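This report describes the salt bridges of one protein model. The sequence and structure are shown first.

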Amino acid sequence: MRALISLLLLMLAAPVHAQTALPPAPFADRQLDDAALERKAKALMETIRCLTCQSQSIADSNASMAGDMRSEIRERIRAGEEPEHIRRWLIERYGDWVSYEPTAAPILWPLWAAPIVLLALGLLLMRGRIKRRPRA
């Protein structure tokens, strides 16, 4: 019984090494040699949302998914792709949500118009209340 308890305590005390199936991406934390290309990559990475963190850009995130995306962006820019083409590819693959830059798709027009409509309604209600108020 002591041996079983000792073995159990040893297993709990032993450090757990989480291993991933894939090695880390080659350009996840390594910059490109060409400074101009690295600036392009960094500018794009700051406008792409981390899919794991959801509140950070992939430039700021330490998540492995963000590292993979940083590496993919750097490799594509090094191969000569334009940042806008890479952005379109990421949006096509992960959806509009991945980009911090809002789109003006017709489906989103009500979302953009809602604050204006609500402000106009508020002004109309306020105007009606002011007009109905008895004068002293």
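In this predicted model, E72 is partly exposed, its relative accessible area being 28%. Its salt-bridge partner is R76, with the closest N and O atoms 2.8 Å apart. R76 has a relative accessibility of 17% and counts as buried, because the cut-off for that class is under 20%. Both E72 and R76 belong to helix α3 (residues 64-78), where they lie 4 residues apart, about one turn of the helix.

A second pair lies in helix α4 (residues 83-94), where E84 and R87 are 3 residues apart and thus separated by about one helical turn. Their side chains meet in a salt bridge of 3.4 Å, N to O. E84 is partly exposed at 40% relative accessibility, while R87 is buried at 8%.

R87 also forms a salt bridge with E101, the closest N and O atoms being 3.6 Å apart. E101 is located in the loop between α4 and α5 (109-132) and R87 in helix α4, so this pair ties together parts that are 14 residues apart in sequence. E101 is partly exposed, with a relative accessible area of 41%. Elsewhere, salt bridges with shared partners join E72, R76 and E81 into one network.

In total, the structure holds 5 salt bridges; the table lists three pairs, among them the one that involves E101.

| Salt bridge | Closest N and O atoms |
|---|---|
| E72 and R76 | 2.8 Å |
| E101 and R87 | 3.6 Å |

Terms used: Residues numbered from 1 in each chain as written. Predicted model: local features only at pLDDT ≥ 70, side-chain atom pairs only at ≥ 80, totals over all residues. Heavy atoms only, no water. Salt bridge = Lys/Arg side-chain N within 4 Å of Asp/Glu carboxyl O. Helix = DSSP H or I, 4+ residues; strand = E, 2+ residues; numbered from the N terminus. Buried < 20%, exposed > 50% of the residue type's maximum accessible area, 1.4 Å probe, protein only.
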